[in-house]
Amino acid sequence: MAAQKIKNRWLIALSAIGIHISIGSVYAYSVITNPVKDIFDVEGSTIKWAFKIAILFLGFSAAFLGPWVEKVGPRISGTTAGFFYGIGILGSGLAVHLESLFLFYLCYGVIGGIGLGLGYITPVSTLVKWFPDKRGLATGMAIMGFGFSALIFGPVMQSFFETFGISNAFYILGVIYMALILVSARYIERPPQGYIPAGFNPNESATVKADISNITAKEALSSRRFYYIWIMMFINITCGIAIIAAASPMMQEKLSYTPMQAAAVVGLIGVFNGLGRILWSGLSDYLGRPNTYVIFFAFQILAFYFLPQISMELLFLVILFTVITMYGGGFATLPAFLGDLFGTKQLGAIHGMVLAGWAIAGVVGPTIYDVVKSTTGSLDITLKVFSGLFLIAFAVSLLMKRSVNLVYRKKQKHSIA
């Protein structure tokens, strides 16, 4: 019997990027807001609810459909993601044509959101299995695609709206997204059982340690480490989304930027969001995942506390962009960290459960910012509240580091004995 031909893992990674670049177009939603609000004759805040619903369904579909993704495999789940996201965008075009706001919420928010959740977790759980030697780098590449997508599809969307009209632009985009995801899903698959990359010996690696456990999603829920990482991610996302939402008015207030200058910096935030995903996830292979998150939170405690008081333009921007890289890096490092903690048996399901925090944080972060800012009228106080939240995340990250180190010390003692 002929030996099974093993696919090229770097092409698997490229397929994962293809899926994430497509679904990451949701981050270019601000381009959609103005054209669509004029069609429906409503405020921009009303149209933004489609985005909020999409992120909500991203988080909860990732959580609830994670076990199904593990059961059927990445090809089927990736194909399903392509149909859901593509149909969601096509349906959005129909909603615009019919001028039905309810249908727009249903198609973009609910149907598209389910496609987002499935598309997000499908590639990363697979990549962790293909890259046991470079978990952080591999998942960072895919999730970097999600972060950079807005830079690609934002201008494309605007061009399509102006050239083809709103409804037709959605139809064209829906076909493009669906085709790109379906083609990518055709190639992606799990590695053979017991797959080890050529030249890699986990027992001799100086940077790769054995997974702490290899357990099911249900068993992970009984572990303190699951709740540690859930809290860490929830706070990182809550604070990160808040500062992204506040970036333009904050720069106008603190650096006296014009709205156009502030908008240009907001564009750069997308670049650093994407760069942080590949930078920090790759570094985590060498720094260790617990240490990487400790660095994130220690820096951001100080950054959020002092940022409103900094008037030196260069220093302000350096700190702001560094915070954004850590926001993106938190997402990209997460799948590799979960693999370290819980193994790859049901990684997609566990990843999905943690991403439920994204759904909640997407609402909580901007809400905290708006409430504190309107109540106090002070940007300084508002960001100090987030600095306080990072203190909690920092304490939890130290508990996580201690917990992980204890396990490895016990394993080392057993191996010596």
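These legends go with close-up views of a predicted model.

**View 1. Arginine 9 and aspartate 133 meet in a salt bridge.**
Start with a pair from the set of nine salt bridges that the structure holds. The N-to-O distance between the side chains of arginine 9 and aspartate 133 is 2.9 Å. Arginine 9 sits in helix α1 (residues 9–23) and aspartate 133 in the loop between α5 (101–130) and α6 (135–164), so this pair ties together parts that are 124 residues apart in sequence. Both arginine 9 and aspartate 133 are buried. Lysine 134, at 29% relative accessibility, counts as partly exposed.

**View 2. Glutamate 189 pairs up with arginine 75 in a salt bridge.**
Here the closest N and O atoms are 3.5 Å apart. Glutamate 189 belongs to the loop between α7 and α8 (217–220), while arginine 75 belongs to helix α4 (residues 74–98), so the contact ties together parts that are 114 residues apart in sequence. How exposed are the two partners? Glutamate 189 comes out as partly exposed at 22% relative accessibility. Arginine 75 is partly exposed too, at 32%.

**View 3. Tyrosine 187 reaches the backbone of asparagine 8.**
Tyrosine 187 is in helix α7 (residues 166–187). Its side chain gets to the backbone nitrogen of asparagine 8 at 3.3 Å. Beyond its neighbours within four places in sequence, tyrosine 187 is in contact with Lys7, Asn8, Leu11, Ile12 and Ser15. With a relative accessible area of 25%, tyrosine 187 is partly exposed. Proline 74 is 113 residues away from tyrosine 187 in sequence, yet their C-alpha atoms are 9.5 Å apart in space.

**View 4. Arginine 225 is buried without a salt bridge.**
Side chains of opposite charge can pair when their charged atoms come close. Which side chain of opposite charge is nearest to arginine 225? That would be aspartate 340, and it is 11 Å away. Arginine 225 is placed in helix α9 (residues 224–254). What does arginine 225 have in contact, leaving aside its neighbours within four places in sequence? The list is Ile212, Leu341, Phe342, Met400, Ser403, Val404 and Val407. As for aspartate 340, that residue takes part in a network of salt bridges with Arg135, Asp285 and Arg289.

**View 5. Tryptophan 358 sits in the largest nonpolar core.**
In soluble globular proteins, nonpolar side chains tend to be buried together. The largest nonpolar core in this model has 113 residues, and Phe104 and Trp358 are those with the most contacts inside it. Not counting residues up to four places away in sequence, tryptophan 358 touches Tyr27, Ile55, Leu58, Tyr120, Phe146, Ile237, Ile241 and Phe331.

**View 6. Tyrosine 293 and phenylalanine 337 are stacked.**
The count of aromatic pairs in the model comes to 28. In this one, the ring centres are 5.5 Å apart and the planes make an angle of 25°. Tyrosine 293 comes from helix α11 (residues 289–306) and phenylalanine 337 from helix α12 (residues 313–342), so the pair ties together parts that are 44 residues apart in sequence. Tyrosine 293 and phenylalanine 337 are both buried. They also belong to one aromatic cluster, together with Trp280, Phe296, Phe297, Phe304, Phe386 and Phe390.

**View 7. Glutamate 99 has a positive phi, and so does serine 256.**
Glutamate 99 is not a glycine, but its phi is about 55°. Where is glutamate 99 found? Look in the loop between α4 and α5. Glutamate 99 is exposed, with a relative accessible area of 55%. Serine 256, another residue other than glycine, has a phi near 55°. The place of serine 256 is the loop between α9 and α10 (259–287). At a relative accessible area of 62%, serine 256 is exposed.

Notes
Residues numbered from 1 in each chain as written. Predicted model: local features only at pLDDT ≥ 70, side-chain atom pairs only at ≥ 80, totals over all residues. Heavy atoms only, no water. Helix = DSSP H or I, 4+ residues; strand = E, 2+ residues; numbered from the N terminus. Buried < 20%, exposed > 50% of the residue type's maximum accessible area, 1.4 Å probe, protein only. Lys, Arg positive; Asp, Glu negative; His and termini not counted. Salt bridge = Lys/Arg side-chain N within 4 Å of Asp/Glu carboxyl O. Contact = heavy atoms within 4.5 Å. Core = buried A, V, L, I, M, F, W, Y, C linked by side-chain atoms within 4.5 Å. Polar contact = N/O pair within 3.5 Å; in protein donor to acceptor, adjacent residues only side chain to side chain. Phe/Tyr/Trp six-rings, centres within 6.5 Å; stacked < 30°, edge-to-face > 60°.
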